[in-house]
Every structure is written in structure tokens, then in C-alpha cells.
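Read the following with the model open in a viewer. The text goes from a single residue to the whole chain, and then through selected packing details.

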Amino acid sequence: MSFLWPEMLWLLLAVPILAGLYVWILRRRKRAVVRYANLALVKAAMGRSLGWRRHVPPALLLVAVTILIVAVARPTAVITLASSRATVILAMDVSGSMQASDVKPSRIQAAQIAAKKFIEQQPSNVAIGIVAFASIALLVQQPTLDREPLYAAIDNFELRRGTAVGSGLLTSMRTIFPEVNFYYGIAGGTGEPLNSGLATGVGRGGAIDSRAPAGGSPDPNRPNHIAVAPGSYENAVIILLTDGATTAGPDPIAAGQVAADWGVRVFTVGFGSPAGAVVDFAGRSMRAQLDAPTLQEIARRTDGQYFEAQSADDLTRVYNSLATKLVGEKKLTEIAFIFAGLGAAFAVAAGMLSLLWFGKLT
């Protein structure tokens, strides 16, 4: 434990002075009583013996003063608190391979169930947004504290061709920093404007084209961002889930480096069986096989963590683990309020016992 105002601890010198003053008052009182000539008058003046009880209220009051002085010094300690991160972005793969049934009932259904359980576990003051990506990426639900729109957005996922992990990351970054066009100047970041429709009811979430900044067209004169330490941005994190390798969009490693440069931590989740799965989607047959090295590198660069889930139960456990990591956070925190409350409790106890035993505050 440390103190923000340690110089106030000098006030603790008053505690032994007060204790000495109390002893001096007791002795003076005894001397005054002994001056009575008549023994009966002495007994009447001293009253009935109260024994040790007479010293309890003053002792409790002295303890209260000591604790309150410590509170004035503003003590701090490293304790686990609710995370200060205000926003969690769930970036979820909705490529055609997610309909594979190697994970029961299917990859997409297992992912939807686990994501909704994760949302339920988050504190009510954490805003959550949802990005869905296939060959393109869309924000299908802007960050919100209301859980019902999040559940609706997840239930309304529609599978599409392609897997653009980089787009999922950059769209998530654009959601956290809406004034910045993260696609501008990155390899693979150019292309046709995005079309809405990755999820039905997209309008509820305010689907956006991540290739354009909030103000309109890209600004070629936009100053370069000065990189910060990976994981140093404490107001948001990204959780990215995918079951396959990138087939479209920007380079995912480059996108991960962008997140690292802005200090945003990315937790990556690789989903699906080790052997992958062959899926018939939109008249084509495809094999979805996880690109674990890329996801591991993204997590490493951003000071995040990589998880691998091979079943619905695995995925649920991963999300449970993430909930713990995001909610619990150790921080140096001022705890003066604890000492102030404790000191007040001792003072109140001293007063109540004094009234109970002596009928007055002594």
C-alpha cells in the first residue's frame, strides 16, 4: 500500500498525544476525588465501578481518529476492478464455410450461441459492437449498451463468399475511431464500395463503408499517426473470430499492425476442427482450413492473445475466458473511502456504547 499524500501521516503523532491526554485526565480526576474527607462522599463522587467498560468508548474513538488520519493521506493499493475498457468489438466471420457441420449444430450456430453468452457476461457499462465479415466487412451493430439489438444482429447473420480477416480488423478499428479511414494507404485496401446486406436489418446497426472516413472521401493529406505501445489503448478491445484463411481484402498482418500502432489489443479466436471441412456453398465446393499462424501473429503484435476452439464447448470456454480477461483488471486505485468508512464505523460504535453504558457521550 502507498499514499498519495504521505505527508499527512505526520498527523499520526497526535494519536499518542491524545492517548496521553486521556490518561492525564483520568489521573487528575482521581486526585480530585481523593480530596473529599468523608469516605462515603468519595464513593458517591466516584460512582459505581465500571471496570474496563469505561475505557472502551475512548479507545474506539482513538482507533477511529487513527484510521481517519490514514484516510486523509489517500492510501492506494493494486486491486482488481471492473475493466476501464468501455467498448468491445466482436468481429465475426460469416463466410460460407461457417455453415460446415463439423462443429454441431454448425459452425455459425455454435458461434452465435457462444457470442450471445459472452455478451450476457459483460458488465452493463460495457458497450459492444458487432462487425460481420466475409469478402467484405460491415458494422452490423454500432457499439451499444442495449443487449437486445446485439442479439438481433447476431441472429440475422447471412453467410457470404470469401474471408477478409484484414477487412474485419480495419472495420473494427474504424468503429473505435470513426474519424479515421484505416483502409487508406494499406495494401489491398482499395476496391469497389461496400454493399450493405451481410445481415438483414442492417439499418438498425447503421452499416457503414469502412473505406471512407466519417467525413466523406479519403484525405490524401491526412497526417500519419504516431505509433503508441501495443495494448496501451484502454478504452476498447477487438475480439476476432474466423474459421478460415484470408481469401480477399487487405493483408491481415498489416491490418493487425495498424491495430498495434493505435494501441488496440486484439484477441483472435480460430474456430473449427483441425482437419478443416469441405462445404458446398452458392454452387461451389470449398475447403475451410484455419490459418492459425496469421491469427497468432495478429494477437502477438497487438499484445492480445490467440485462442483455438475445435467445438462449440471449446468456443464457449474461450468466450468465458475472454469475459474474465476483459472484466477483471488490476489497477493502482485509491482506497481512502474504505478507511473513511471504517473510521466512521469505529466512531459510531464508540458513541453508541457510551450512550448504552453511561447514558451520555463521554
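Ser167 has a relative accessible area of 0% and is therefore buried; buried stands for under 20% relative accessible area, exposed for over 50%, and partly exposed for what lies in between, with a 1.4 Å probe and protein chains only. Ser167 belongs to helix 6, which covers residues 165–176. Helices (H or I, at least four residues) and strands (E, at least two) are DSSP runs, numbered from the N terminus. Apart from residues up to four places away in sequence, Ser167 touches Ala137, Tyr183, Gly249 and Pro250, a contact being heavy atoms within 4.5 Å.

The model is predicted, so local features need pLDDT of at least 70 and side-chain atom pairs count only at pLDDT 80 or more, while totals for chains, interfaces and linings use all residues. Residues are numbered from 1 along each chain as its sequence is written, and side-chain values use heavy atoms, with hydrogens and water left out.

At the level of the whole protein, there are 11 helices and 11 strands. Of the 362 residues, 42% are buried. Taking contacts between residues at least 6 apart in sequence, 83% join residues at least 24 apart. The accessible surface comes to about 18100 Å², and carbon and sulfur atoms account for 59% of that surface. Such areas are computed by the Shrake-Rupley method with a 1.4 Å probe, and for residues only the protein chains shown count as cover.

Thr163 is in the loop between helix 5 and helix 6, and its relative accessible area of 6% makes Thr163 buried. Beyond its neighbours within four places in sequence, Thr163 is in contact with residues including Asp93, Ser95, Phe133, Thr242 and Thr246. Pro252 lies in helix 8, residues 252–261, and counts as buried because its relative accessibility is 8%. With neighbours within four places again set aside, the contacts of Pro252 are Val165, Gly166, Leu169, Thr246, Thr294 and Ile298. Pro252 and Glu297 are 45 residues apart along the chain, and their C-alpha atoms are separated by 9.6 Å.

How are helix 4 and helix 5 oriented relative to each other? Two packed helices are described by the angle between their axes and the distance between the axes. For helix 4 (residues 107–121) and helix 5 (residues 147–155), the axes come within 10 Å and cross at roughly 170 degrees. Axes here are lines fitted to C-alpha atoms, for helices over the stretch in contact, and angles run from 0 to 180 degrees between N-to-C directions. Helix 4 and helix 5 are therefore roughly antiparallel; under 35 degrees counts as roughly parallel, over 145 as roughly antiparallel, 65 to 115 as roughly perpendicular and the rest as oblique. On the helix 4 side, Gln112, Ala115, Lys116, Ile119 and Glu120 meet Arg147, Leu150, Tyr151, Ile154 and Asp155 of helix 5.

Next come the aromatic rings. Rings of Phe, Tyr and Trp (its six-membered ring) pair if their centres lie within 6.5 Å, and planes under 30 degrees apart are stacked, over 60 edge-to-face and the rest tilted. By this rule there are five aromatic pairs. One of them joins Phe177 and Tyr233, with ring centres 5.0 Å apart and planes at 55 degrees, so the pair is tilted. This pair links distant parts of the chain, 56 residues apart: Phe177 is in the loop between helix 6 and helix 7 (202–205), and Tyr233 in the loop between helix 7 and strand 6 (236–242). Phe177 is buried at 9% relative accessibility, whereas Tyr233 is partly exposed at 23%. Phe177, Phe182, Tyr233 and Trp262 form one aromatic cluster.

Trp262 also has a contact with His225, as does Asp261, leaving aside neighbours of His225 within four places in sequence. His225 is in the loop between helix 7 and strand 6 and is partly exposed, with a relative accessible area of 35%. Most residues other than glycine have a negative phi, and most peptide bonds are trans. Arg74, not a glycine, has a positive phi of about 55 degrees. Arg74 is in the loop between helix 3 (56–72) and strand 2 (75–82) and is partly exposed, at 25% relative accessible area. The charged end of Arg74 sits over the ring of Trp5, 4.9 Å from its centre; the rule asks for NZ of Lys or CZ of Arg within 6 Å of the ring centre and within 35 degrees of the ring normal. Asp303 likewise has a positive phi, of about 65 degrees, without being a glycine.
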